[in-house]
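Me: I'd like to learn how to read helix packing in a model like this one. Can you take me through it step by step?

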Amino acid sequence: MAKTSKEPRDGDHSPAPEEIKMMGLRLFLAIIMLVGIALAAGLILLLNSLLPAPANPNIKAEWIYKLAQVTILALGVITGAGAAALGYRNQRVKEAQMRLQQEQTRLQQDGKFTERFSQAVQHLGSNDQPSLCIGGIYALERLAKDSRADREQIVEVLCSRYSEMAQALDGDRAPVRPPQNLAMQTINKVLKRLFTERNDLACDLSGLELRGLDLSGCYMSKVVFRGTGLRKTRLWGVHLEGTELGGANLEGADLLDAHLESANLLDAHLENATLRMAHLEGAELSYTRLEGARLFAAHLEGVKLWDAHLEGVNLAGANLEGAKLSGAYLEGANLVNANLQGAKLTRARYGSNILAAAWNEQTIFSNGQKGVPDVAPDREPAPADPIDPPCAPTSV
């Protein structure tokens with residue numbers, strides 16, 4: 001005897017568990033209503049047969065009428081409660097179906113995103129076909145705009161690729177800015193667009209070689225640049241408040257009017273860097289190399305410069321009020337009109353150049369005395385560097 005196939009045919013639909021529950025709830029409510037109607041009718045008939053006939057026939061009819069009213073009211077309450085329960089259950093089923101549909105849509109989108117991301121990264125790594133590499137860069141930019149959750153990872157991938165290409169080029173001997181090939185220039189443009197939207201990207205770019213980038217006006221306060229190579233970068237007006245820049249190499253970088261409040265620049269390299277009008281209030285600059293840096297009119301209130309190397313640095317007009325300069329090397333630094341009120345210069349190394357600065361009774365000099373410089377004037381203070389006035393950034 002041939003066995004009947006139990007496989008579902010085309011068009012067959014097996015009810016889902018939620019649909020089965022709904023069908024059972026509807027059937028239960030219908031049975032309750034039918035039983036209630038039957039009980040009410042039986043009760044009316046029973047009372048009609050058991051109650052003695054009163055002297056006035058209208059009294060018995062009135063009893064039966066009131067009983068019918070109570071029964072109808074009870075049935076209405078039961079029906080309303082059942083309808084409410086049914087509606088609530090139906091809403092829960094719809095919400096569950098919507099969540100399931102959203103999850104399925106998300107999984108499909110994730111699958112498509114992963115496929116697009118993998119293809120873009122593959123194109124990004126193309127060395128022999130520059131057009132493919134540039135296409136991969138723009139594809140990653142599109143993905144970064146489509147997916148906020150993956151934006152940080154995409155920025156890290158782009159910066160890693162830039163680092164690889166920068167290390168392959170000899171940029172150490174470049175007179176102004178290191179060379180960039182077309183792909184590097186494209187990455188620079190994309191990074192600038194992604195960082196200028198005030199989206200607070202929290203990326204870790206530690207140890208990468210990003211020399212020569214132009215990130216002027218970008219918002220990167222949550223980016224980690226620990227030990228990052230940022231030589232000869234252009235960072236006009238960049239926002240790096242509270243950023244981790246410990247050990248970073250910023251030699252020759254242009255940080256005109258940059259915002260570095262409370263940033264950590266411990267042991268960083270800022271030789272020959274331009275920090276004119278930069279905001280460094282409360283920043284950590286201890287053990288930092290600043291030889292040849294230009295700090296004209298920089299905001300250095302409360303900055304920590306313990307054992308920092310400031311030999312020959314132009315600090316003319318800089319505001320160092322309350323700065324901690326213990327052990328700092330200030331030989332040959334231009335301190336004309338520098339504000340050292342309340343600054344701590346214990347163990348600091350300087351000469352008669354300190355006399356060109358402004359101080360008050362709260363200023364502590366290298367000999368530990370307050371308000372009394374421990375050097376004698378041996379020559380007239382040097383005038384401010386005429387080639388180093390503040391200037392406004394121009395468009396690139």
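Reply: Start with what an axis is: a line fitted to C-alpha atoms, for helices over the stretch in contact, with angles running from 0 to 180 degrees between N-to-C directions. Two packed helices are then described by the angle between their axes and the distance between the axes. Keep in mind that this is a predicted model.

Me: What does the secondary structure of the chain come to?

Reply: Five helices and zero strands. From the N terminus on, the order reads α-α-α-α-α. Of the 396 residues in the chain, 39% are buried.

Me: At what angle do α3 and α5 pack, and how far apart are their axes?

Reply: The angle is about 10°, and the axes lie 9 Å apart. Angles under 35 degrees count as roughly parallel, so α3 and α5 are roughly parallel to each other.

Me: Which residues of α3 and α5 meet?

Reply: From α3, Cys-133, Ile-134, Ile-137, Tyr-138, Glu-141 and Ala-144 take part; α5 brings Leu-182, Ala-183, Thr-186, Ile-187, Val-190, Arg-193 and Leu-194. Sorted by class, this contact has ten nonpolar, one polar and two charged residues.

Me: How do I read the spacing along a helix?

Reply: An α-helix has 3.6 residues a turn, so residues three or four places apart point the same way. Now look at burial. The buried residues of α3 include Cys-133, Ile-137, Leu-140 and Ala-144. In α5, Ala-183, Ile-187, Val-190 and Leu-194 are among the buried ones.

Me: What covers the buried residues of α5?

Reply: The cover includes α3 and α4.

Me: How do I check the length of a helix?

Reply: Compare the expected span with the distance between the end C-alpha atoms. For α3, residues 130–146, the 17 residues should span 24 Å at 1.5 Å a residue, and the ends are 25 Å apart, which agrees. α5 has 14 residues and reaches 20 Å from its first C-alpha to its last, close to the 20 Å expected.

Note on methods:
Residues are numbered from 1 along each chain as its sequence is written. This is a predicted model: local features need pLDDT of at least 70, side-chain atom pairs count only at pLDDT 80 or more; totals for chains, interfaces and linings use all residues. Side-chain values use heavy atoms; hydrogens and water are left out. Helices (H or I, at least four residues) and strands (E, at least two) are DSSP runs, numbered from the N terminus. Buried means under 20% relative accessible area, exposed over 50%, partly exposed in between (1.4 Å probe, protein chains only). The expected span of a helix is 1.5 Å times one less than its number of residues. Angles under 35 degrees count as roughly parallel, over 145 as roughly antiparallel, 65 to 115 as roughly perpendicular and the rest as oblique. Contact means heavy atoms within 4.5 Å. Ala, Val, Leu, Ile, Met, Phe, Trp, Tyr, Cys and Pro count as nonpolar, Asp, Glu, Lys and Arg as charged, and the others, Gly among them, as polar.
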